[in-house]
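Reader: Hi! Could you walk me through this one? I'd like to know how you count things, too.

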Amino acid sequence: MCTTFDSVDIVDVSYMRLGTSIVTGNLNITTGEYLLEWGMNVEVGGTTTINAGGDVTLDNAPNIFGGAVSITSGTDVIVVDSTPLEMGASTISGDLTLQSGGALTQSGAISVAGNTSLTAG
């Protein structure tokens with residue numbers, strides 16, 4: 001099932017499984033534990049801001065993030081984008097893995113406590 005929204009703000013005290021979604025505006029997620037992509041892909045036209053109490057896994061190849069992706073809190077973070085990926089200000093307490101289908105750019109300060117793996121196509 002695919003669900004389309006204009007802009008979305010989600011707050012959950014537990015973990016979150018994000019299904020196949022199309023958000024034409026901004027996507028803001030706060031979760032007390034981990035965030036796991038559960039659907040085929042996530043498409044966001046605006047910015048994406050995630051505050052997670054655990055891991056953030058957005059690793060499906062068809063993902064499209066139109067604006068900056070900011071992880072204000074997360075442990076081990078994986079973000080895959082089939083198009084160019086812009087990372088906004090982020091604080092990662094573990095490892096960071098980024099993969100883009102085009103340019104990989106940075107528009108804010110990024111702090112990573114662990115290892116960083118970058119792949120731009």
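Author: Happy to. Contact here means heavy atoms within 4.5 Å. This is a predicted model, where local features need pLDDT of at least 70 and side-chain atom pairs count only at pLDDT 80 or more, while totals for chains, interfaces and linings use all residues. Residues are numbered from 1 along each chain as its sequence is written, and side-chain values use heavy atoms, with hydrogens and water left out.

Reader: Great. Leaving aside neighbours within four places in sequence, which residues is Thr-48 in contact with?

Author: Beyond those neighbours, Thr-48 is in contact with Leu-27, Phe-65, Ala-68, Val-69 and Ser-70. Thr-48 lies in strand β8, residues 48-52; strands are DSSP runs of E with at least two residues, numbered from the N terminus.

Reader: Is Thr-48 buried or exposed?

Author: Buried, because its relative accessible area is 0%. The cut-offs are under 20% for buried, over 50% for exposed and partly exposed in between, with a 1.4 Å probe and protein chains only.

Reader: Nice! Which residue in β9 is the bridge partner of Leu-36?

Author: That's Thr-57. Strands β6 (residues 35-37) and β9 (residues 56-58) pair in the parallel sense over two bridges.

Reader: How many aromatic pairs turn up in a search of the whole structure?

Author: One. The rings of Tyr-15 and Tyr-34 have their centres 5.0 Å apart and their planes at 10°, so they count as stacked. Rings of Phe, Tyr and Trp (its six-membered ring) pair if their centres lie within 6.5 Å; planes under 30 degrees apart are stacked, over 60 edge-to-face and the rest tilted.

Reader: Where do those two tyrosines sit?

Author: Tyr-15 is in the loop between β2 (8-12) and β3, and Tyr-34 in the loop between β5 (27-31) and β6, so the pair ties together parts 19 residues apart in sequence.

Terms used: Two strands pair if DSSP finds at least two bridges between them. Helices (H or I, at least four residues) and strands (E, at least two) are DSSP runs, numbered from the N terminus.
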